[in-house]
Amino acid sequence: FSLSVEANNVPAELLVSSRIPPVAITIAGREADLQEGSVEDFVAHVDLVGFDVGAREVPIVVRSLDDDISVRAVAPSTVEVVLEPVVWRALPITVVIADPEPIGFARGEPMLSPETVTISGTANLIDLVDQVGAPVDLSGTTVDVDRPVTLQARTNTGAAISNIRIAPPTCLLYTSPSPRDA
């Protein structure tokens with residue numbers, strides 16, 4: 001089996017900035033138990049309790065949730081984990097509307113709640129964030145819109161940035177289109 005590895009006990013104010021690859025395991029047990037076994041029968045983690053900023057080689061611990069199946073080998077058995085300080089920044093939300101206004105209607109000024117969010121992540125990623133966008137598709141909308149929108153951290157070229165935490169992760173968007181005068 002190939003298992004994802006979770007980082008447990010990450011110290012407050014720190015983030016794992018390195019990729020933790022999946023592990024392959026070799027298991028043993030009665031043939032019938034092995035046939036019924038699945039990935040969900042195992043958990044893999046690294047324990048980061050007491051660690052500080054920096055890189056460390058950490059053992060990977062894999063545990064079977066089924067008492068009839070045991071883990072014989074884990075590859076790799078260790079992984080280098082890099083911890084970095086969490087950086088926070090407050091940013092206003094930018095509404096990103098890609099579609100044209102419906103014919104005969106003017107789009108109302110969008111209102112957001114909240115209007116600002118806090119982003120957090122590693123310093124190198126936070127420095128890339130130029131805006132937090134609220135992408136909205138209002139194609140053909142001629143009625144009031146009042147709905148949640150999932151927010152996205154973006155660079156100055158509009159590219160999405162992952163591994164950034166946005167709090168809150170959504171905002172409420174309200175806009176009211178009005179008919180254009182002929």
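Me: This is a predicted model. What does F51 touch, not counting residues up to four places away in sequence?

Reply: F51 touches P11, L14, R56, V58 and L83. Contact means heavy atoms within 4.5 Å. F51 itself is found in the loop between β5 (42-47) and β6 (54-59).

Me: Why is F51 called partly exposed?

Reply: Its relative accessible area is 25%. Buried means under 20% and exposed over 50%, so F51, at 25%, falls in between and is called partly exposed.

Me: What separates the C-alpha atoms of F51 and P100?

Reply: They are separated by 52 Å, with the two residues 49 apart along the chain.

Me: What makes β1 and β4 a strand pair?

Reply: Two bridges join β1 (residues 2-3) to β4 (residues 23-29). Pairing needs at least two bridges, so the two strands pair. They run antiparallel, and S2 stands opposite A24 in β4.

Me: How do you know that β4 pairs with β8?

Reply: Six bridges join β4 to β8 (residues 69-75). At least two are needed, so these strands pair as well. They also run antiparallel, and T26 stands opposite A73 in β8.

Me: Which residues line the largest pocket, and how do they divide by type?

Reply: The lining is L15, V16, S17, S18, R19, E84, T122, N124, L125 and N163. Three are nonpolar, five polar and two charged. Arg and Glu count as charged, so R19 and E84 are the two charged residues. β3 (14-16) and α2 (123-126) each supply at least two residues of the lining, and about 220 Å³ of space lies in the pocket.

Terms used: Residues numbered from 1 in each chain as written. Predicted model: local features only at pLDDT ≥ 70, side-chain atom pairs only at ≥ 80, totals over all residues. Heavy atoms only, no water. Helix = DSSP H or I, 4+ residues; strand = E, 2+ residues; numbered from the N terminus. 1 Å grid on protein atoms, 1.4 Å probe; cavity = no way out; pocket = protein on both sides within 12 Å on 5 of 7 lines; lining within 4 Å. Points joined across faces, edges and corners; volume = space filled by probe spheres on them. Buried < 20%, exposed > 50% of the residue type's maximum accessible area, 1.4 Å probe, protein only.
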